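Hello,

Here is the structure you will be working with.

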Amino acid sequence: VEEIAVKAKMPIEETRRVGDTVGEALTGEALAGVLTLVTRYEEAIDIYDRIQQLYEQFGEEAGVLRCQLGLAEIARFCGDYPMCEQMFRDIEAKAKELGDQSLQARCTFGLAQCSYAKGDLEGAIDAFRRARKRAESLEDAMLCSEADIEIATCIIAHGHVENALSTARMALEVKQSIGDTLGQAHAHLILSMCLRRTHRIERAKQHVVRARTLNERLGHVYGIAKAVLVQAEIAWVSGEVEKSFEPIQDSRKLHTEIGDAHGLLLTLLHEGLCRAEIGEADASRACLAEALPLMEENGLEHYRAKYMLVEGLIAELEGRLEDAVAFHDEALKRGEDKGHLDMMSMATIALCKAHILMGDFHAASREAPLALERAEATGHTHGLMFALTLRALLARLDRQAEVLSSTLRRLRVLNENASALNHMRIPNRLVWLCRQLRARVSDERAFPVVLSAVEIIRALGDTETADKLARQVLKPRG
């Protein structure tokens, strides 16, 4: 692609030399698109500005709007959603006056991406579908399939992972049939995200490697950075938290180099989550400190709930359990306001866990069934394992034998699938929870929970960890 960009400059110079203004404009517009692809944004902006002036000279309004659309896309690639949203709206209004259906479809598509970034999932899905309908009437297979990929991204958050999978697969087939390599890379990335959530780890790895390879072939650093971040997420969900930090640092570097505030924010939030999981509260807080201005200055409110969730995890680590409950509750409310089922599930699980740590088992017992219900609705294996574990722990504590039996049976089935138990570190998480609880409440209140945890860990086949927990935590205080 870099070679194409260099070669494309030659005909521009030739058209300029012979005074072919129309040829210069058309060739320059194409070159600016290539430069955008390889993240040479400053050069692309300069060309779009110059070509826009040429179009204005010979009254080609559609050409002017195409240049403005290219500039809006660059603003989006840089994560400046307030700016690009206004640009898309202005271009859309002018495209309507011209009766240019293609430009209108692309503006609707851009506005849908802005709605997603703001956390308006329903608005985003509606706009993507409108863009797709218009593209379909224009027989624009490229935009139709791109809309399908974005719709798949949105419905993942609604918990419809299998629907997202089938939608992304169909889009990939279209991208392959029309030879859209960039679109294929995008489809592979979304497929990887779906498979990661349902804990089909090896297949997720295959798709993300394919996405990265295709983006590298194109020199599309924006896409490479996204693939690297998903590789970090796969390492985390596979139980290899320490191994996730190398791709996290690569993702940080790439997103910083191309000035992508959106991607950098996602990376920082994921790193904050990983740091909190391994007990590094200060490092996690530092990630949030970097993330906050990126979120606030670029209209990225979609990620506020995850930010609050990580705040709650930090508070847990520091023993500020009332604060933890408040943060998790705020994350839950934001998830509910936006219809973000994935976040609702994670926040409910976090609230249940925080109440256990506080020794408020009644509150935890009320939340556990809802946490399980929401985890089931998301189709997210990771969340489902945690929700089932908490449900089993509290059922044992509340002497609900039938609930405990059925929950353990489901946990065993999940455990047999791709070593999910080891990937998700369930025994270690239960050990951590028991140690924290023992440090905060009396033996009388802590021991029944520890006994429940021991029984669950043993039932899942990790006898060694169960025995170790019993020996170390079920000792009278000296």
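Arg-89 and Glu-85 form a salt bridge, with 3.1 Å between the closest N and O atoms. Please keep in mind that this is a predicted model. The two residues both belong to helix α5, which covers residues 81–98, and they sit four residues apart, about one turn of the helix. Their surroundings can be compared through the accessible area. Arg-89 has a relative accessible area of 43%, so this residue counts as partly exposed. Glu-85 has a value of 15% and is therefore buried, because the cut-off for buried is under 20%.

Other salt bridges

In the whole structure, a search finds 38 salt bridges. Two further pairs are described here.

- Asp-180 and Lys-175 meet through their side chains, at 2.9 Å from N to O. Asp-180 is buried, with a relative accessible area of 10%. Lys-175 also counts as buried, because its relative accessibility is 0%.
- Arg-438 and Asp-443 form a salt bridge between their side chains, at 2.7 Å from N to O. Both of these residues are buried.

Salt bridges also link residues into a network, made up of Arg-252, Glu-271, Arg-275, Glu-280 and Glu-290.

A patch of negative charge

Which residues gather in a patch of negative charge on the surface? They are Glu-56, Glu-60, Glu-61 and Glu-97. One of them, Glu-61, lies in helix α4, which spans residues 61–77. Is Glu-61 buried or partly exposed? Its relative accessibility is 35%, so Glu-61 counts as partly exposed.

Asp-323

Asp-323 is found in helix α17, which runs over residues 321–338. With a relative accessible area of 35%, Asp-323 is partly exposed. Between the C-alpha atoms of Asp-323 and His-302 the separation is 22 Å, and the two residues are 21 residues apart along the chain.

When you open the model, you could start with Arg-89 and Glu-85 in helix α5, then go to the patch that includes Glu-61, and end with Asp-323 in helix α17.

Regards

Terms used:
Residues numbered from 1 in each chain as written. Predicted model: local features only at pLDDT ≥ 70, side-chain atom pairs only at ≥ 80, totals over all residues. Heavy atoms only, no water. Patch = residues over 30% accessible without salt bridge, like charges linked within 9 Å, V, L, I, M, F, W, Y side chains within 5 Å. Areas by Shrake-Rupley, 256 points an atom, 1.4 Å probe, with all protein chains shown as cover. Salt bridge = Lys/Arg side-chain N within 4 Å of Asp/Glu carboxyl O. Lys, Arg positive; Asp, Glu negative; His and termini not counted. Charge placed at Lys NZ, Arg CZ, Asp CG, Glu CD. Buried < 20%, exposed > 50% of the residue type's maximum accessible area, 1.4 Å probe, protein only.
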